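Trainee: I would like to learn how to read a model like this one. Could we go through it feature by feature?

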Amino acid sequence: MAFEENSTASGSRRGVPEDWFVDPVRLGVPGVRQAVTEDENPLAWQTDSLCAQTDPEAFFPEKGGSTRDAKKICVSCEVRNQCLEYALQNDERFGIWGGLSERERRKLRKRA
Ligand code: SF4
C-alpha cells in the first residue's frame, strides 16, 4: 500500500509519508514483534502503533483539518514516546506524531 503525497503551493510536503505505514510482512503484526533493531529500521516501533490499524489520513489532515480524532488515538498508544522522539529527531514537519501537531512539536522544540 502506498499513499499519495500532496504538495502545497509552496512545494512543501504534506500527506501521509510513504514510509509511515507498517509493513506486516517485514515487521510482523502488533504484539508479535520480530527481532528488528532500531538500527535496522528506525520505524520498527510502528509495529505496535495504534495508528497503523486506523485511517492514516486522520494523522495527516489537510491544512486546517481536525486533529482531534488522531490525538484521541495517540493517548492510548503504547509507543507514543518513541513516536514523538522519532518525530523530533527527524524533524517531521507534518502530521500528528506522539499525540502532538506540527505546531505543538515546534513549541516543544523551542522550549527544549
Ligand atoms: S502516538 Fe499516535 S501517531 Fe504515534 S504511533 Fe501512536 S497512534 Fe501513531
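Trainee: Which residues does Cys-83 touch, not counting residues up to four places away in sequence?

Mentor: Bear in mind that this is a predicted model. Cys-83 touches Trp-45, Ser-49, Trp-97 and Gly-98. Cys-83 itself is found in helix α3.

Trainee: Is Cys-83 buried or exposed?

Mentor: The cut-off for buried is 20 or more other C-beta atoms within 10 Å. Cys-83 has 25 other C-beta atoms within 10 Å, so Cys-83 is buried.

Trainee: Where is Cys-77 found, and what is Cys-77 in contact with beyond its neighbours within four places in sequence?

Mentor: Cys-77 is found in the loop between α2 and α3. Leaving those neighbours aside, Cys-77 is in contact with Ser-49 and Leu-50.

Trainee: At which residues does UniProt place the feature "binding site"?

Mentor: The unreviewed UniProt entry places "binding site" at Cys-51, Cys-74, Cys-77 and Cys-83. These residues are spread over 33 residues of sequence, yet they cluster in space, with a largest C-alpha distance of 10.8 Å.

Trainee: Which residues come nearest to the ligand?

Mentor: There are 14 residues around the ligand, and Ser-49, Cys-51, Cys-74, Cys-77 and Cys-83 come nearest. The elements that give two or more residues to this shell are α2 (68-75) and α3 (80-89). By class, the shell has 10 nonpolar, three polar and one charged residues.

Trainee: How should I read a nonpolar core?

Mentor: The general idea is that nonpolar side chains in soluble globular proteins tend to be buried together. Here the largest nonpolar core has 18 residues. Those that touch the most other members are Trp-45, Phe-59, Phe-60, Ala-70, Cys-83, Ile-96 and Trp-97. Helices α2 and α3 each supply at least two residues of this core.

Trainee: What does Phe-59 touch, not counting residues up to four places away in sequence?

Mentor: Phe-59 touches Cys-51, Ala-70, Gly-95 and Ile-96. Cys-51 is one of the "binding site" residues in the UniProt record, and Ala-70 and Ile-96 are among the core members listed above.

Trainee: How many helices and strands does the chain have?

Mentor: The chain has four helices and two strands. Along the sequence they follow the pattern β-β-α-α-α-α. Of the 112 residues, 25% count as buried. Among contacts between residues at least 6 apart in sequence, 43% join residues at least 24 apart.

Trainee: How far apart in space are Val-75 and Gly-99?

Mentor: Val-75 and Gly-99 are 24 residues apart in sequence and 6.7 Å apart in space, C-alpha to C-alpha. Val-75 is found in helix α2. Val-75 is exposed, because 9 other C-beta atoms lie within 10 Å and the limit for exposed is 12 or fewer.

Trainee: Where is Pro-42 found?

Mentor: Pro-42 is found in the loop between α1 (24-27) and α2. Pro-42 has 14 other C-beta atoms within 10 Å, so Pro-42 is partly exposed. Pro-42 and Tyr-86 are 44 residues apart in sequence, with 7.9 Å between them in space, C-alpha to C-alpha.

Trainee: What is the phi of Asp-91 near?

Mentor: Most residues other than glycine have a negative phi. The phi of Asp-91 is near 50°, a positive value in a residue other than glycine. Asp-91 lies in the loop between α3 and α4 (102-111). Asp-91 counts as exposed, because 8 C-beta neighbours lie inside 10 Å.

Note on methods
Residues numbered from 1 in each chain as written. Predicted model: local features only at pLDDT ≥ 70, side-chain atom pairs only at ≥ 80, totals over all residues. Near = placed C-beta within 6 Å. Nonpolar A, V, L, I, M, F, W, Y, C, P; charged D, E, K, R; others polar. Core = buried A, V, L, I, M, F, W, Y, C linked by C-beta atoms within 7 Å. Contact = placed C-beta atoms within 7 Å. UniProt positions renumbered as here; feature names shortened; annotations may be inferred.
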